[in-house]
Amino acid sequence: MSYQIGRDEALRNAGRFFKEAGAEAIKLEGGVGVQESIRAIVDAGMPVMGHIGLTPQSVHQFGGYKIQGREKERREAVLRDAMAVQQAGAFAVVLEGMPQDLAGEITESLTIPTIGIGAGLQCDGQVLVVHDMLGLFDDFVPKFVKRYADIKQTMLGAVKEFVGEVKERKFPAEEHSYK
């Protein structure tokens, strides 16, 4: 609820993120509905990245993690959101969970960069959640995730070895102790 209440609250909280947390940019989910907030934050001198399509903070409004923009009406709404984010002054926009042809159309229509996550190859850049790409979270793996490593198993093995050595009183050894 850092920006959903309204423009003034969004601006106030964005300023706090910059001042107190050392943020260098703000990311807002939504398009037409947050256009005024984006404009106010940008006008105050703080860079904003938009985020449209499947927006995780609003996922329950969509009935869960569902691809956005397959139906004609939703597709047009996502296109309007993209234009609203750009017109409000965002420096880039994340396109999440949408058909790749829609992401391509948005990328061609905008002058700001698009960053895809589950939006296909036609975006200007790509992002993945590090926990997904490293295999740290495996309860649910979205279709768009590519695993580059299985760090979870490595971590579990290391923790198990540590616990075993502690129980067997093998750790800490002499070389791990101060004199």
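Buried residues make up 35% of the 179 residues in this protein, a predicted model. Buried means under 20% relative accessible area, exposed over 50%, and partly exposed in between, with a 1.4 Å probe and protein chains only. Because the model is predicted, local features need pLDDT of at least 70 and side-chain atom pairs count only at pLDDT 80 or more, while totals for chains, interfaces and linings use all residues. Residues are numbered from 1 along each chain as its sequence is written, and side-chain values use heavy atoms, with hydrogens and water left out.

**Overall form**

The protein has six helices and five strands. Helices (H or I, at least four residues) and strands (E, at least two) are DSSP runs, numbered from the N terminus. Along the sequence the pattern is α-β-α-β-α-β-α-β-β-α-α. The radius of gyration is 21 Å, whereas a compact globule of 179 residues would have one near 16 Å. This radius is taken over C-alpha atoms, and the globule rule is 2.2 Å times the number of residues to the power 0.38. Along the principal axes, the C-alpha atoms fill a box of roughly 65 × 40 × 30 Å. Of the contacts with a separation of 6 or more, 44% are between residues 24 or more positions apart. Contact means heavy atoms within 4.5 Å.

**The sheet**

Five strands form an open sheet in the order β1-β2-β3-β4-β5, and the pairing is parallel. Two strands pair if DSSP finds at least two bridges between them. β1 and β5 (125–126) stand at the edges, each with a single partner strand, so one side of each has no neighbour in the sheet.

Strand β2 (residues 48–53) has six of its six residues buried, so the rest of the structure largely encloses it. Four bridges join β2 to β1 (residues 26–29). The chain gets from β1 to β2 through helix α2 (residues 35–43), in a right-handed β-α-β crossover. Right-handed means that, with the strands pointing away from the viewer, the path from the first strand over the helix to the second runs clockwise. On its other pairing, β2 meets β3 (residues 92–96) over five bridges. Here the chain crosses through helix α3 (residues 72–88), and this β-α-β crossover is right-handed too.

Some residue partners across these strands:

| Residue | Partner | Partner strand |
|---|---|---|
| Glu29 | His51 | β2 |

Helix α2 lies across β1 and β2, at about 170° to β1. Axes are lines fitted to C-alpha atoms, for helices over the stretch in contact, and angles run from 0 to 180 degrees between N-to-C directions. Helix α4 packs on the sheet and touches β2, β3 and β4 (114–117). Its direction makes about 170° with that of β3. In α4, Leu102, Ala103, Gly104, Ile106 and Thr107 are buried. Their cover includes β2, α3, β3 and β4.

**The nonpolar core**

In soluble globular proteins, nonpolar side chains tend to be buried together. In this protein the largest nonpolar core has 26 residues. Such a core is a set of buried Ala, Val, Leu, Ile, Met, Phe, Trp, Tyr and Cys residues joined through side-chain atoms within 4.5 Å. Leu28, Ile38, Ile41, Ile52, Leu95, Met98 and Ile106 have the most contacts inside the core. The elements giving two or more residues are α1 (7–21), β1, α2, β2, α3, β3 and α4 (100–109). Helix α3 gives the most, with four residues.

What does Ile106 touch? Leaving out residues up to four places away in sequence, Ile106 touches Ile52, Val78, Leu79, Ala82, Leu95, Met98 and Thr114.

Two backbone features come from the chain's later part. Most residues other than glycine have a negative phi, and most peptide bonds are trans. Arg169 is not a glycine, yet has a positive phi of about 60°. Arg169 is found in the segment after α6 (151–167) and is exposed, with a relative accessible area of 75%. Pro172 has its place in the segment after α6. A cis peptide bond joins Phe171 and Pro172, with omega about 0°.
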